[in-house]
Amino acid sequence: MTIVAGATGVPGIVGDTSMQARAPEVWAAQAHREQPWDVETDLVVVGAGAAGMTAALVGALEGLEVVLCEKTDKVGGTTAFSAGSVWIPGSSQSWSVGRPDTVEAARTYLGALLGNHASDARLDAYLRMGPLVLDDLEARSSVRFTAPPVHPDYKALPGAAIGGRALAAVPFDGRKLGADFDRLRPPRREFTVLGGMMIGKADIDPLLHPFRSWKNLIHAFGMLARHGLDRIRFQRGTRLVMGNALAARLFYDVRRAGVDVRFEAVLRQLVVEDGRVIGLIVNVPGRTLCIRARKGVVLATGGIGWSAELRERLLPLSARRFSLAPECNCGDGLCAAEAVGGEIVSDLESPALWMPSSVMRQPDGYLSVFPHIILDRAKPGLLAVDGSGRRFVNEADSYHDFVAAMLRASGKASRVPSFLVCDRRFIAEYGLGLIHPGTRNLKRFCDAGYLIVADSIEELARKIGSEPGELHATIERYNGYAETGVDEEFGRGASELNRFNGDPANKPNPCMRSIGRGPYYALAVWPSDLASSAGLRTDERGRVLRSDGEVLSGLYAAGNDAVSIFRGTYPGPGTMLGPAIVFGWCAAMDAAGALTAYRA
């Protein structure tokens with residue numbers, strides 16, 4: 001047996017989740033010793049996010065003995081923080097709700113987006129297998145998705161879909177998990193209210209305007225009553241939506257399928273014999289376990305995450321400071337696979353998928369990193385400027401495209417951080433970052449340095465470090481475009497995505513309104529990585545490949561541990577979770593010897 005040092009580096013330094021660098025020469029060190037197996041099973045899965053739990057569930061459904069190793073005491077990973085959408089073209093779920101989509105249309109769209117890279121065998125397999133995977137999971141588990149009427153792709157290209165292609169996770173009753181509910185990673189604190197009540201997009205208007213209609217009142221009262229009852233028995237609300245609902249459904253099924261879940265099991269090393277991965281070594285509280293995997297090991301540990309070495313190696317300097325990944329994600333799978341010959345692919349359009357985030361230290365010491373997804377950037381009456389005071393992007397475009405523009409060198413002024421600029425009316429109607437709509441007292445946000453306020457544009461410019469004349473001219477041009485409804489610089493409000501996230505009551509452009517009288521406000525936003533695009537080279541079956549293209553036998557990767565099939569682009573909502581689930585399924589089916597029938 002050959003044991004190769006991996007995720008946590010030197011034997012004896014175990015369970016390290018800090019951002020300290022791990023030297024490549026340490027990962028590559030080899031040691032030889034005889035080691036008895038503590039556990040023998042068919043399939044070992046490392047990481048309990050969507051990719052890992054899908055692989056573990058499907059492996060068990062196919063009759064394999066499965067051990068699922070989760071580094072922390074909770075399942076869900078990045079999935080639990082996410083919107084829970086999957087981008088899977090041509091699904092029966094889209095047809096069933098009258099929003100038909102086709103794989104052929106998606107191929108046209110991806111061809112326009114990716115060019116020659118659209119012929120990738122993995123991408124072809126994903127498009128073919130995606131609808132089959134959804135149907136199989138729906139038939140054999142509680143995993144459910146539905147197609148919202150409108151959920152646009154992120155690029156206005158031929159073949160783009162307005163709805164039916166991005167599917168949303170169906171809400172889940174967390175009470176079904178029983179005591180296991182405490183094992184589910186909570187959503188981001190910033191997206192809950194009243195001590196842990198989750199809010200989806202459809203809940204916002206009823207909660208803000210309960211007396212606007214009977215429908216709103218019934219919806220809001222039902223949510224509040226349910227949450228009040230939940231807090232008698234649970235630490236947070238059990239009405240789960242978005243990614244938390246998806247993670248809960250998968251965990252519910254993993255438990256029912258009899259998967260052996262090992263919590264606080266930290267990947268230390270992969271075990272190789274005659275060029276094949278035959279198992280791994282994990283640290284659990286108080287001991288080390290050597291686990292043999294007769295059929296294979298699936299890595300689904302969350303990608304780059306907070307690994308200092310990988311962030312330095314793969315991410316641009318100005319984007320290394322903040323991440324939206326759980327702090328426990330430290331590149332364990334990537335490092336362990338690289339140590340045994342796997343290759344991390346980084347020649348992509350972008351090494352990560354990006355999100356603009358604002359940052360505030362809370363009174364209890366917690367650092368809120370708030371992702372600006374759709375709630376404010378596309379609404380009318382806000383613009384984004386760089387350090388010079390100039391606009392540089394269509395503020396209503398996708399979060400990834402927004403940050404991509406931040407990271408492009410302007411040659412004149414820094415764009416990190418950038419600033420969202422608006423007036424008081426905007427905050428009252430739409431909110432801004434951590435500030436909820438209707439908030440009257442902004443003092444604590446200003447005192448914390450989160451929100452910058454000034455009585456004049458010139459004063460605001462000085463406070464954010466830009467030229468007063470430049471910012472004034474920028475706002476004047478913006479206001480002129482708002483009057484005509486045509487953004488002559490960046491086309492804001494012209495795409496389906498822009499209009500969907502804007503305010504349809506605002507005319508003539510749902511995304512543009514003049515910035516009025518002072519006081520004026522600015523909010524700094526920073527690049528943060530939402531998920532990895534760089535990752536291990538894999539094939540269409542999810543098998544990890546060496547740099548020479550040969551299969552690293554016995555080892556699979558899925559989710560953020562595998563290189564993006566979209567090569568660092570972001571086609572639409574759910575283009576990380578979709579491949580995570582599909583290739584987690586493929587890895588388990590291949591390990592079980594059952595994939596061939598589906599690939600025909």
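In what order do the three strands of the open sheet stand, and is their pairing parallel or antiparallel? The order is β5-β7-β6, and the pairing is antiparallel. This is a predicted model: local features need pLDDT of at least 70, side-chain atom pairs count only at pLDDT 80 or more, and totals for chains, interfaces and linings use all residues. Residues are numbered from 1 along each chain as its sequence is written, and side-chain values use heavy atoms, with hydrogens and water left out.

## The sheet

Strands of a sheet pair through backbone hydrogen bonds, either parallel or antiparallel. Here, β5 (85-87) and β6 (145-146) are the edge strands, and each pairs on one side only. Strands (E, at least two residues) and helices (H or I, at least four) are DSSP runs, numbered from the N terminus. Two strands pair if DSSP finds at least two bridges between them. β5 pairs with β7 (residues 166-169) in the antiparallel sense, over three bridges.

## Two crossing helices

Two packed helices are described by the angle between their axes and the distance between the axes. Take α5 (residues 121-140) and α17 (residues 577-591). Their axes come within 9 Å and cross at roughly 80 degrees. That makes α5 roughly perpendicular to α17. The word covers angles of 65 to 115 degrees; under 35 counts as roughly parallel, over 145 as roughly antiparallel, and the rest as oblique. Axes are lines fitted to C-alpha atoms, for helices over the stretch in contact, and angles run from 0 to 180 degrees between N-to-C directions.

Which residues of α5 make the contact? They are R122, Y126, M129, G130, V133, D136, L137 and R140. From α17 come G578, P579, I581, V582, F583, W585 and M589. Contact means heavy atoms within 4.5 Å. By class, the contact has ten nonpolar, two polar and three charged residues. Ala, Val, Leu, Ile, Met, Phe, Trp, Tyr, Cys and Pro count as nonpolar, Asp, Glu, Lys and Arg as charged, and the others, Gly among them, as polar.

## Cavities and a pocket

On a 1 Å grid over the protein atoms alone, a cavity is a set of points where a 1.4 Å probe fits but cannot get out. A pocket is an open set with protein on both sides within 12 Å along at least five of seven lines. Lining residues have an atom within 4 Å of a point. Grid points are joined across faces, edges and corners, and a volume is the space filled by probe spheres set on the points.

There are four cavities of 30 Å³ or more.

| Space | Volume | Lining by class |
|---|---|---|
| Largest cavity | about 130 Å³ | ten nonpolar, six polar, one charged |
| Second largest cavity | about 50 Å³ | three nonpolar, three polar, three charged |
| Second largest pocket | about 570 Å³ | twelve nonpolar, four polar, five charged |

The largest cavity is lined by 17 residues. Nearest its centre lie G559, A562, V563, S564 and P579. α17 gives the most to this lining, with three residues.

The second largest cavity is lined by M197, M198, M223, R226, H227, D230, G237, T238 and R239. α7 (214-233) provides the largest share, four residues. β10 also supplies at least two.

The second largest pocket has 21 lining residues, and F81, R188, E327, Y366 and L367 are the closest to its centre. β16 (322-323) and β19 (367-371) each supply at least two residues of that lining.

## Backbone details

Where is L194? L194 lies in the loop between β9 (192-193) and β10 (197-198). L194 has a positive phi of about 55 degrees, although it is not a glycine.

A cis peptide bond joins K507 and P508, with omega about 0 degrees. P508 sits in the loop between α16 (496-501) and β23 (520-532). Another cis peptide bond joins G518 and P519, with omega about 5 degrees. P519 is also found in the loop between α16 and β23.
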